[in-house]
Amino acid sequence: MTGTPSGEELKACCAAAYSSDVVALLLGDSYHPGGTALTRRLADGLGLTTGARVLDVASGRGTTALLLADGYGAEVDGVDYAPANTALAQGAAQAVGLADRARFTTGDAEHLPYPDGVFDAVVCECALCTFPDKARAAAEFARVLGPAGRLGITDVTIDPTRLPPGLTGLGARIACIADARPLQDYTEILAGAGLHTLHTERHDHAMLRMIDQIEARLNLLRMTAAARLTAAGVDLDAAPAVLAAARTAVADGVLGYALLIAERPPQ
Ligand SMILES: C[S@@+](CC[C@H](N)C(=O)[O-])C[C@H]1O[C@@H](n2cnc3c(N)ncnc32)[C@H](O)[C@@H]1O
């Protein structure tokens with residue numbers, strides 16, 4: 001890729017990274033800070049009930065969608081830009097006997113392949129930060145929600161004025177950092193789409209735990225699978241400095257993670 005990447009190039013780059021096995025080795029099943037515990041907190045905040053129709057935008061390998069189908073009795077659609085993730089998520093749903101309540105489709109958050117007003121809730125974990133056109137994605141969340149439908153987001157937050165240079169490039173963008181926004185900006189983007197924020201929470205400690213986890217797994221994989229990591233584009237020499245910069249940024253209040261619940265107003 002040369003010059004400034006286009007929106008489509010950024011989405012393809014992000015989808016390719018998050019469908020690689022190396023990312024699965026580093027992150028485990030849930031590709032967001034806080035893992036399934038934070039997903040449960042989000043689902044509880046959304047007040048999901050049995051039979052609720054839920055859309056998981058950027059569903060990755062299906063962990064969030066399967067949790068909502070299994071633990072909350074929801075009827076879940078998952079949509080992800082990466083065809084490989086869609087296939088893996090569908091396979092996982094079949095393997096655990098949830099294929100009748102969790103369906104996965106390849107598609108773009110900025111052009112959701114669903115009709116207007118069909119979902120009771122939309123969730124989106126650790127992905128709005130990567131979408132090139134966040135306002136467009138927010139408008140799509142609002143479009144597919146029914147009246148009084150709820151949106152649940154967990155996402156990376158940054159203070160863009162204080163982000164260190166090591167966390168601003170394309171790699172940091174794919175790692176969900178460089179194009180993340182302050183929590184207030186997310187609420188304003190949603191407000192622009194007609195979505196009213198009801199509740200926010202900070203979960204910065206979850207970001208620290210994820211940094212610790214990635215460091216521990218990298219150290220292990222460095223000994224057992226260094227060639228595989230390098231082939232997948234992981235710069236093992238640069239990684240310690242990047243992780244240290246991320247840890248400092250969390251400690252300084254520059255980088256964090258947040259949960260947000262919003263509502264499409266009843267008409
Ligand atoms: C950090 S992962 C999060 C996955 C999942 N939500 C989770 O928390 O485990 C980001 C995901 O966003 C997907 N993605 C990136 N851009 C997208 C887009 N424009 N539309 C749909 N999915 C997208 C990637 O393929 C990847 O699966």
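**Ligand site and selected residues**

Tyr18 counts as buried because its relative accessibility is 17%, where buried means under 20% relative accessible area, exposed over 50% and partly exposed in between, with a 1.4 Å probe and protein chains only. This is a predicted model, in which local features need pLDDT of at least 70 and side-chain atom pairs count only at pLDDT 80 or more, while totals for chains, interfaces and linings use all residues. Residues are numbered from 1 along each chain as its sequence is written, and side-chain values use heavy atoms, with hydrogens and water left out.

Tyr18 is placed in the loop between α1 and α2 (21-27). Helices (H or I, at least four residues) and strands (E, at least two) are DSSP runs, numbered from the N terminus. From Tyr18 to Ala249 the C-alpha to C-alpha distance is 23 Å, and the two residues are 231 apart in sequence.

The ligand comes next. It is surrounded by 21 residues, of which Tyr31, His32, Ala58, Asp80 and Ala109 are the closest; a residue is near a molecule if one of its heavy atoms lies within 4 Å of it. Helix α1 (residues 7-17) gives the largest share of this shell, 3 residues. By residue class, the shell around the ligand holds 11 nonpolar, 6 polar and 4 charged residues. Here Ala, Val, Leu, Ile, Met, Phe, Trp, Tyr, Cys and Pro count as nonpolar, Asp, Glu, Lys and Arg as charged, and the others, Gly among them, as polar.

Which cavity holds the ligand? The ligand sits in the largest cavity. A cavity is a set of points, on a 1 Å grid over the protein atoms alone, where a 1.4 Å probe fits but cannot get out. A molecule sits in a cavity if more than half of its atoms lie within 2 Å of its grid points.

A backbone N or O atom of Ala58 is 2.7 Å from a ligand nitrogen atom, and a backbone N or O atom of Tyr81 is 3.1 Å from a ligand nitrogen atom. From the side chain of Asp108, a polar atom lies 3.0 Å from a nitrogen atom of the ligand. Of the 600 Å² of accessible area that the ligand has on its own, the protein covers 99%; accessible areas come from the Shrake-Rupley method with a 1.4 Å probe.

Ala58 also has a backbone feature. Most residues other than glycine have a negative phi. Ala58 is not a glycine, yet its phi is positive, at about 65 degrees. Ala58 belongs to the loop between β1 (53-57) and α4 (63-72), and it counts as partly exposed because its relative accessibility is 23%.

Cys176 likewise has a positive phi, of about 75 degrees, although it is not a glycine. Its place is in the loop between α7 (170-174) and α8 (183-192). Cys176 is buried, since its relative accessible area is 4%.

Glu201 lies in strand β6 (residues 196-202). With a relative accessible area of 15%, Glu201 is buried. Its side chain makes a polar contact of 2.8 Å with the side chain of Arg41 and another of 2.9 Å with the side chain of His199. A polar contact is a pair of N or O atoms within 3.5 Å; within protein, one must be able to donate a hydrogen and the other to accept it, and residues adjacent in sequence count only if both atoms are side-chain atoms.

Leu208 is part of helix α9 (residues 204-224) and counts as partly exposed at 31% relative accessibility. Leu208 and Gly233 are 25 residues apart along the chain, and 23 Å separates their C-alpha atoms.

Definitions and conventions: On a 1 Å grid over the protein atoms alone, a cavity is a set of points where a 1.4 Å probe fits but cannot get out, and a pocket is an open set with protein on both sides within 12 Å along at least five of seven lines; lining residues have an atom within 4 Å of a point.
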